[in-house]
There are 2 protein chains.
Amino acid sequence: MATIRVPEEVPSPAQDSETLNQAFRGWGTDEKAIIRVLGKRNESQRRKIRESYKEKYGKDLIDDLSSELSGDFMKAVILWTYDPAERDARLANKVLKEKKKGINKLKVLVEISCTTSPTYLIAVRKAYCSLFDSSLEEHIASSVPFPLPKLLVTLASSFRYDKDKVDAEVATIESAMLREAITKKQLDHDHVLYILGTRSVYQLRQTFVAYKQSYGNTIDKDVEGCPGDADLRSLLQMVILCIDSPEKHFAKVVSESIEGFGTDEDSLTRAIVTRAEIDLMKVRGEYFNMYNSSMDNAIIGDVSGDYKDFLITLLGSKI
Amino acid sequence: MATIRVPEEVPSPAQDSETLNQAFRGWGTDEKAIIRVLGKRNESQRRKIRESYKEKYGKDLIDDLSSELSGDFMKAVILWTYDPAERDARLANKVLKEKKKGINKLKVLVEISCTTSPTYLIAVRKAYCSLFDSSLEEHIASSVPFPLPKLLVTLASSFRYDKDKVDAEVATIESAMLREAITKKQLDHDHVLYILGTRSVYQLRQTFVAYKQSYGNTIDKDVEGCPGDADLRSLLQMVILCIDSPEKHFAKVVSESIEGFGTDEDSLTRAIVTRAEIDLMKVRGEYFNMYNSSMDNAIIGDVSGDYKDFLITLLGSKI
């Protein structure tokens, strides 16, 4: 379930555009007004505001947000204002453009590939082609270091069957194939690749259950203990978690982004912005189960200013 | 360019449905009427006829065609009547369901993956999920023998960039990577897979040109001379041809289906039916260039009866 709160009476896109344009005018910027408008509109409403803004003022709203705002607040508002598929295409491109692609950056690709619906992932790939004159998968294949493209290309190219239909026999057979690959320390085995990269999430969840029943440990635990390429192991663990429970994955992202000194604002923003209209309510619940504390309070205690106000607006609080 | 001829004045879908229903009634079936109607309607007109038929008679037109017609004529008319993406999904499924998947059958998967537009291929994958409770790629991964799934899954999952934009430097670099894989007799090397499976057809054509310029032979010729798994080699050659020139590929399919004694009606039907609305005119031209004879005459001389009449209707002849 989503967390954002759309007011019962929503102004027209033209009125919202005007409010935003007003907020940009004169000395300083009225950040509160921007939060009040954009932070309380759903995907289709935001799209209409962007269209209306372009029509009324001849400029892209994103460009104006970019020149009027700054820092993490700006980044969060812009990510939120993009059409979701465009946003994810841009997030993926940002990772792929970097010369040094650390494993934590590459995880964004797994996140986009494994926590979204099959149809949505196709929309991201279409947006990627439109924006960057290249397919997402050719960019991965040609820029990510060995041995990771194998897994990442397969995941990004997937169009998984999306109905809740499970074959228990296949789950047992494929859990044994996964077990064999782990036992033989071959995490890049084709079987691992194709089982995790092509089966439906429902089928895979059943396979993970079958794995635990047959071999005692969770598959995640066994992958963790498997020697070999640490990056591949780390990505695979993330694939398993994203498929098994996107909510737990995002609760973990939020927790890791705020734990210790300093904050990883990019990850925090990404988690809140990408899930606020999908399942952030469930993420909040999982966070509580996992860390025995309130996700909202943890976030509020870690960030400040307009950035904080924007995030808590997406979290559904009244500011 | 397409070959089918839609009359200037087309009856309404309801009228066409009625003509078809009349053709099924009483003793015998009026095959000529079926050819006259369905053989001269484009994709969207056929879809409307099927909808209208369902509405008027409460039955699927495909079922009635299946019970009223027989043999290769029936198979051709039914393939033609399906929505194209559904047709290709069914063709792929037919191959994947077979216990013994000969290499010639598997080539259908390459054909669907490499001679169609990126958006169309996504439509085939969607149709596959709807019809067969499984994604196309998971069915390939779980049923095709090693080492072929690697290539076939990548091709079937592709969503290639579709604009005519080419990077000559990339073409030179990647032609060298392909050359190295061939020289080292590693046709299943990841580079081969990702270059052929993710780059746009325009980029790949440039890469093939660069290959010939640098190494003298065409890449097809060098792949042919490469030892190793004969099936993989054969599929790769087909991938190269399908990307380089779908028209040449289909001219070859037609020629091989009618050469020697007997006819491979399934392949002949597939080539004519799947390309009649796309580029069959060009296929005809390529056929003439390649075999110095008329494709239409060759087909006419090899088949007979209603099946022949239907094929030549799709070829644009007046019967």
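This is a predicted model: local features need pLDDT of at least 70, side-chain atom pairs count only at pLDDT 80 or more; totals for chains, interfaces and linings use all residues.
Residues are numbered from 1 along each chain as its sequence is written, chains are lettered from A and ligands numbered from 1 in the order in which they are written, and side-chain values use heavy atoms, with hydrogens and water left out.

Helix 12 of chain B is mostly covered, with 8 of its 9 residues buried, where buried denotes under 20% relative accessible area (1.4 Å probe, protein chains only). The buried residues are B:Asp190, B:Val192, B:Leu193, B:Tyr194, B:Ile195, B:Leu196, B:Gly197 and B:Thr198.

The contact between the chains (heavy atoms within 4.5 Å) takes 27 residues from chain A and 27 residues from chain B. Chain A and chain B bury about 2,400 Å² between them, 60% of it on carbon and sulfur atoms, the buried area being the accessible area (1.4 Å probe) that two parts lose on being put together, summed over both. On the side of chain A, the residues that lose the most area to chain B are A:Phe159, A:Tyr161 and A:Tyr194, which together account for 26% of what that side buries.

Elsewhere in chain B, helix 2 (residues 31-38) contains the buried residues B:Ala33, B:Ile34, B:Ile35, B:Val37 and B:Leu38, and their cover includes helix 1 (13-24), helix 3 (43-57), helix 4 (61-68), helix 5 (71-81) and helix 20 (305-314) of chain B. B:Ser255, which is found in helix 16 (residues 246-258) of chain B, is buried with a relative accessible area of 7%, and, leaving aside its neighbours within four places in sequence, B:Ser255 is in contact with B:Tyr287 and B:Tyr291.

Considered as a whole, chain A has 20 helices and 0 strands. Of the 319 residues of chain A, 53% count as buried, and among the contacts in chain A with a separation of 6 or more, 71% are accounted for by residues 24 or more positions apart. The C-alpha atoms of chain A fill a box of roughly 65 × 45 × 40 Å, taken along the principal axes.

Methods
Helices (H or I, at least four residues) and strands (E, at least two) are DSSP runs, numbered from the N terminus. Buried means under 20% relative accessible area, exposed over 50%, partly exposed in between (1.4 Å probe, protein chains only).
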